[in-house]
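Let me put the thing up on the screen and then walk you through a few parts of it.

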Amino acid sequence: MKPILTIDQLSIVHRVSEQRLLNQVTLSLQPGEVLGLVGASGSGKSLLAQGIFHLLPTNLYRTGEIYYNKRPITTHDRGTNLVYIPQSVEALDPLMKVGKQIVEVIREMNPEQKMLELLQRLGLQKEMASKYPFQLSGGEARRVLVAIAFATQAEVVIADEPTPGLDEATKREVITLFQELQQSGKTILFITHDFDVGLQLADRIAVMNQGEIVEVADQTSFSGDGDQLQHPYTKKLWQALPQNDFTGSS
Amino acid sequence: MKEFVIKRTIRLFTLLFAVSFLTFMLVYLSPIDPVRAYIGADMLLISPEQREAIQSYWGLNQSMFLQYKQWLTNLLSGDFGTSLIYRTPVFDVISDRFFSSILLIAIAWVSSGIFGMVFGTLAAMNEGKWLDRFIKGYCYVLLSTPGFWLGLLLLMVFSVWLGIFPTGLSAPIGITGSEVTFMDRLYHAILPAMTLSVVGVSNVCLHTRQKLVDVLRQPHILQARANGLFGMRLFIRHGLRHVMIPAVSVHFASFGELFGGAILAEQVFSYPGLAQAVVDAGLQGDVPLFLAIVVMSAVFVFVGNWLADMLYYLLDPRLRRGEKPS
Amino acid sequence: MRKQLWIPLVLFLFIYSLSIMIQEESITIALTEKNESPSWSHLFGTDWLGRDMFLRTLEGIQLSVTIGFVTALLSTTLGFFLSFIASIHSVLDHIVSWLIDLFLSLPHLITLILISFVLGGGFRGVVIGLMLTHWPVITRVLRAEWLQIQEMPYVQMSKQLGKGFWWRTKHHFLPHLLPQMMVGFTLIFPHAILHEAAITFLGFGLSAEEPAIGVILSESMQYLSSGMWWLAFFPGVTLLVMVVLFQWFANTWKHYIERDRSYETYFNN
């Protein structure tokens with residue numbers, strides 16, 4: 001199969017210090033797959049998401065290329081072929097009603113109608129449309145962000161750390177939401193520091209450390225003592241999970 | 001919401017009361033002799049008995065608190081006393097000049113607000129580029145410019161050299177008040193208003209710029225851009241709205257500065273407004289007129305601040321729907 | 001960064017020291033040279049009494065800078081004491097906050113006129129008036145800072161450990177407040193200079209015999225219609241240059257002091 005999104009030797013460099021925050025990252029996503037990108041905070045995961053959209057802070061620049069269906073992506077791909085699900089509620093405009101923010105990215109006839117359908121599909125009340133972001137609970141905010149992803153009809157979803165600071169119940173809810181996204185045929189790059197969540201969702205896992213991808217492994221490789229894993233860092237991560245500490249010690 | 005409005009309104013009145021009392025007390029304690037101010041050069045001609053008669057006529061021999069009470073009750077019933085230098089009721093002196101001053105201040109307020117926000121926006125959208133540097137430089141230089149000196153320069157250039165604008169008075173000489181048209185007043189107000197606006201722009205502009213720069217770095221902008229919004233649409237929908245609230249509110253809160261600027265501008269251009277009356281009153285010891293204008297200017301500033309607060313409340317859904325501002 | 005800091009300061013101090021060196025006697029009335037436009041012998045021209053405008057301007061600058069310095073110092077000190085009082089008890093804090101609101105509620109110029117009305121103008125009146133109009137801003141900043149530090153765990157800890165009030169002031173409060181006070185000082189200074197010029201221009205400030213910029217400009221108004229532009233232009237420009245130089249220095253310095261904080265905001269974004 002042809003990969004739908006290819007990240008080819010992407011580096012992100014600080015303009016002044018020339019420090020490489022992301023070094024030669026190469027990844028490709030097959031249509032319909034979920035690729036989990038895990039790594040500790042500060043490993044450069046979020047920068048990768050911003051780098052894909054070419055929306056880096058002005059003091060950083062990128063080298064390398066991103067391809068969508070074998071052609072380099074442009075700004076036109078934003079919101080049409082690629083969609084971004086950010087970290088938190090803060091990524092919603094605090095002064096704009098939720099419904100309007102969803103409508104804004106819909107590029108079809110009857111956006112209002114479509115928006116209400118989406119709310120219903122994601123189990124949100126119709127009244128949600130006229131609320132402001134600060135009135136939403138954590139779970140509701142995630143649903144709205146996912147609604148935006150559905151609204152764009154983009155094939156590829158880049159989700160940047162969608163689960164931090166959530167309680168277990170809400171976290172499970174978010175996982176279900178992403179499974180729904182996947183079932184509707186979307187390709188997902190799921191960036192998280194939560195190894196556990198990554199494993200529950202992803203078909204393949206890419207492990208990132210200090211700005212580099214150290215290993216890409218199938219989800220099935222993460223079993224037992226981690227014998228199928230190649231890189232020592234990946235093994236360490238795997239063995240540090242609570243359930244494995246159990247098997248390791250017994 | 002209701003609680004907030006009531007609290008603010010109560011504060012407005014307590015502060016106004018305090019201002020009026022303190023001002024009255026200061027003036028009472030000052031070495032200014034109102035009798036001398038009233039009589040003027042003929043002071044030497046009056047006898048101590050006559051002097052006493054005048055004092056008791058004005059109620060000047062009563063205690064300070066009684067005088068204050070009297071003054072305040074008169075003030076509240078619309079009686080501002082009689083101006084000593086104009087020899088007419090203070091109310092007439094003020095109302096005559098009120099329109100001139102308001103016209104001047106309104107033109108300056110609106111134009112500096114519009115230009116300030118436009119320039120600030122342009123600067124923020126081009127952050128770090130030459131346009132931004134130019135606008136920022138302009139604002140900083142203006143912040144260091146004595147407003148009245150700028151007025152002098154404009155007066156020299158436009159009135160003396162080019163002769164486009166008149167050098168003073170809010171109406172042509174030799175025309176009675178009733179014949180003065182609005183256009184006449186406007187024509188005479190242009191130069192002083194221009195002075196005020198040119199100086200007033202910098203504050204709003206720098207504020208708008210800073211706010212917009214901050215807003216453009218927020219996560220919701222990143223989200224909106226990543227999901228396909230760009231250009232003016234992104235800017236107007238997700239940037240401008242955030243900037244408008246603080247910028248408009250800062251601009252309302254600048255009423256006080258504007259009033260101070262107006263005093264200077266009116267003096268430079270011999271524009272007979274409210275502010276110029278305070279200079280005359282202050283220099284010549286016209287206590288009733290002086291007190292009235294000080295209190296009026298305080299009302300002016302208070303109303304500006306109060307409007308700023310209210311506006312914030314009305315425009316920001318987070319406040320309106322009952323959450324603390326972030 | 002360093003250059004941005006010392007270039008304006010050195011220039012500022014250079015002009016100021018130049019103005020100190022001017023002896024008042026050197027400004028002489030020379031009716032034969034009256035109303036001359038700027039030339040090499042009289043850089044800023046001469047006035048209607050033949051006095052050299054360059055020397056008069058420098059005299060005025062010296063007065064302005066001195067007044068600005070004194071008032072900025074007094075306002076900062078007053079702000080420090082009031083913020084200290086506010087930190088003692090919440091009732092006192094309310095009083096101080098209320099006073100701040102009260103003083104901010106009158107336009108600066110009106111307050112200045114009021115004070116000079118009561119005190120009768122002059123150097124003393126101007127300085128007191130300027131001090132009373134400029135303390136609220138810095139007090140507000142210092143008060144907020146003081147209250148914030150008071151809540152810090154390490155300060156609470158010191159208190160628990162029985163460290164006295166003065167010990168805490170010296171080791172916890174002053175190191176934080178001092179930079180803020182210096183920034184406040186540098187912000188008040190140019191403001192005070194401009195306000196002094198304005199109030200003097202209106203006739204409420206320094207008396208007409210003083211060689212103040214405000215006096216020079218107010219006198220120049222009578223001669224503008226006869227085309228003697230240099231009487232108003234150069235003194236104003238010089239004052240402007242001085243204030244710009246100082247603002248430049250103050251802005252750079254403020255950034256310099258706050259560099260840690262701005263660094264932090266950058267990374268949170």
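This is a predicted model: local features need pLDDT of at least 70, side-chain atom pairs count only at pLDDT 80 or more; totals for chains, interfaces and linings use all residues.

Bookkeeping: residues count from 1 along each chain as its sequence is written, chains are lettered from A and ligands numbered from 1 in the order written, and side-chain values use heavy atoms, with hydrogens and water left out.

Back to chain C. Residues 98-119 are 86% helix and 0% strand, with the end C-alpha atoms 24 Å apart. For residues 228-249 of chain C, it's 91% helix, 0% strand and 33 Å between the end C-alpha atoms. Helices here are DSSP runs of H or I, at least four residues, and strands are runs of E, at least two, numbered from the N terminus.

Chain B has its own list from UniProt, also an unreviewed entry, including residues 185-206 and 289-315. Residues 185-206 of chain B are 100% helix, spanning 32 Å between end C-alpha atoms. Residues 289-315 of chain B are 100% helix too, with 38 Å end to end by C-alpha.

How far do we trust chain C? Its mean pLDDT (the predictor's confidence in each residue, from 0 to 100) is 80, and 92% of its residues reach 70 or more. Helix 2 of chain C, residues 53-88, is highest at a mean of 88, while helix 10, residues 259-268, is lowest at 41. Across residues 261-269 of chain C, pLDDT stays under 50, and the model has four contacts there (heavy atoms within 4.5 Å) beyond four places in sequence. Overall scores are ipTM 0.82 and pTM 0.79.

Last stop, chain A. Is strand 7 of chain A, residues 156-160, mostly covered or mostly open? Covered: five of its five residues are buried, meaning under 20% relative accessible area with a 1.4 Å probe, protein chains only. Val156(A), Ile158(A) and Asp160(A) point one way, Val157(A) and Ala159(A) the other.

Strand 7 of chain A pairs in parallel with strand 6, residues 82-85, over four bridges; pairing takes at least two DSSP bridges. There, Val83(A) partners Val157(A). Five bridges join strand 7 of chain A to strand 8, residues 187-192, again parallel, with Asp160(A) opposite Ile191(A).

Methods
Buried means under 20% relative accessible area, exposed over 50%, partly exposed in between (1.4 Å probe, protein chains only). UniProt positions are given in the numbering used here, feature names are shortened, and annotations may be inferred rather than shown by experiment.
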